[in-house]
Amino acid sequence: MIACYQQIDYDEPRKSKNISIGLSLNHVDELTPEVVRAYQRLIREGITVRGQVVLLKGINDSVSAMRELLETFLCTGIVPYYLFHCMPVVGAKHFRTSVQKGLDLLQELSPYSGTTTFQYVYVTPIGKHRIAPGHQLEYVKIDGSRYIRSTTPYKAADFLEFSDNRELPPLHGINEEGYITSHYLDGHDEEEILA
């Protein structure tokens, strides 16, 4: 049923409709035979399946765990998509690494991944912040906690109009050029907790 919405217009390719489905899978153990069979049915129908992963302390925050997941994605036809930094939500705070941990992990994976790897992002109320290995994070202290400060690619006026809001969310401001500055609560790695 999903595949019937996919239409490729060979004469005017920009009028085509290509279906893509994102699967959230965080560890290779989740790729059971039943799961692999299910998404293979989609792939056989011409639907692109993209793998989204949340970076989780003690679950997939090692090079070996992430490499095994990435390789299994590629072997079974899943296109690696997003690697999300674990958000500070109730019940998941103990799974949060530092954002830098994810950057370091992707840097270590880069010799193995070639051109296919995850886009690393963290999410604030205004949207995704894409970061890549080599990105220099700017830290600030707010109420005794470490936050990452960044300038987004979004103009504040455009965001407010698009979101139909009168003001920016908390921990967001506007710089001199009119872009949104954002503050994101960083996580902690084991070494930082012990230090």
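## Nonpolar cores

A nonpolar core is a set of buried Ala, Val, Leu, Ile, Met, Phe, Trp, Tyr and Cys residues joined through side-chain atoms within 4.5 Å; buried means under 20% relative accessible area (1.4 Å probe, protein chains only). This is a predicted model: local features need pLDDT of at least 70, side-chain atom pairs count only at pLDDT 80 or more, and totals for chains, interfaces and linings use all residues. Residues are numbered from 1 along each chain as its sequence is written, and side-chain values use heavy atoms, without hydrogens or water.

The largest nonpolar core holds 25 residues. L31, M66, F73, L83, V99 and Y120 have the most contacts inside it. At least two core residues come from each of β2 (48–55), α2 (63–75), α3 (99–113) and β4 (119–124). Helix α3 gives the most, with 5 residues. Another core lies apart, with 6 residues, including I126, A156, F159 and L168.

## Around L83

Contact means heavy atoms within 4.5 Å. Setting aside neighbours within four places in sequence, L83 touches V53, V54, L55, M66, L106, F118, Q119, Y120 and V121.

## The open sheet

Helices (H or I, at least four residues) and strands (E, at least two) are DSSP runs, numbered from the N terminus. Strands pair if DSSP finds at least two bridges between them. Here 4 strands form an open antiparallel sheet, ordered β6-β7-β9-β8. Its edge strands, β6 (138–142) and β8 (172–174), each pair on one side only.

Strands β6 and β7 (residues 145–155) are joined by 5 bridges. Y139 stands opposite I148 in β7.

Conventions. Buried < 20%, exposed > 50% of the residue type's maximum accessible area, 1.4 Å probe, protein only.
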